[in-house]
Amino acid sequence: MEDSFMDTIHIPLQQFRDIQHICAEHKNDPGELISILHAVQEIIGYLPQEVQEIIANELSIPVSKVYGVVTFYSFFTMTPPWQISHICLSGYSLLCKRCR
């Protein structure tokens, strides 16, 4: 991997290695993109842009292809789970306040 690419990576090293390992388990096959995305989302919780860039680099495909798959399928998310929970809790709190 190029040093310039490594300079842009800001996720924990262990997560980076986990992503590399998952891609390698799937033989860095672009045809396994959906399976790879599922596995990565399972360990990280979501698929931010930086993670998509790492996957694209490992599979030697454009980031736009990874992004297209992530945004097309509803079971993938680019939003951290803790932000989703916060939104739901806020919505529930507002609903409770309106009931009073």
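This is a predicted model: local features need pLDDT of at least 70, side-chain atom pairs count only at pLDDT 80 or more; totals for chains, interfaces and linings use all residues.

Q: Which residues make the contact between α2 and α3?
A: From α2 come Q15, D18, I19, I22 and C23, and from α3 come I36, A39, V40, I43 and I44.

Q: What makes up the contact of α2 with α3, in terms of nonpolar, polar and charged residues?
A: Eight of its residues are nonpolar, one is polar and one is charged. Ala, Val, Ile and Cys are among the types that count as nonpolar, while Asp counts as charged.

Q: Why is E50 called buried?
A: The relative accessibility of E50 is 17%. Buried means under 20%, so E50 counts as buried. E50 belongs to helix α4 (residues 49–59).

Q: What is E50 in contact with, leaving aside its neighbours within four places in sequence?
A: E50 is in contact with T8, I9, H10 and I11. For E50 and T8, the separation is 42 residues in sequence and 8.4 Å in space, C-alpha to C-alpha.

Q: Why does N28 count as partly exposed?
A: N28 has a relative accessibility of 30%. Buried means under 20% and exposed means over 50%, with partly exposed in between, so N28 counts as partly exposed. N28 sits in the loop between α2 and α3, and has a positive phi of about 50° although it is not a glycine.

Q: How do you know whether S60 counts as buried or exposed?
A: At S60 the relative accessibility is 67%. The cut-off for exposed is over 50%, so S60 counts as exposed. S60 is found in the loop between α4 and α5 (63–72), and its phi is near 55°, a positive value in a residue other than glycine.

Q: How many helices and strands does the protein chain have?
A: The protein chain has six helices and zero strands, and along the sequence the pattern reads α-α-α-α-α-α. Of its 100 residues, 30% count as buried.

Conventions
Residues are numbered from 1 along each chain as its sequence is written. Side-chain values use heavy atoms; hydrogens and water are left out. Helices (H or I, at least four residues) and strands (E, at least two) are DSSP runs, numbered from the N terminus. Buried means under 20% relative accessible area, exposed over 50%, partly exposed in between (1.4 Å probe, protein chains only). Contact means heavy atoms within 4.5 Å.
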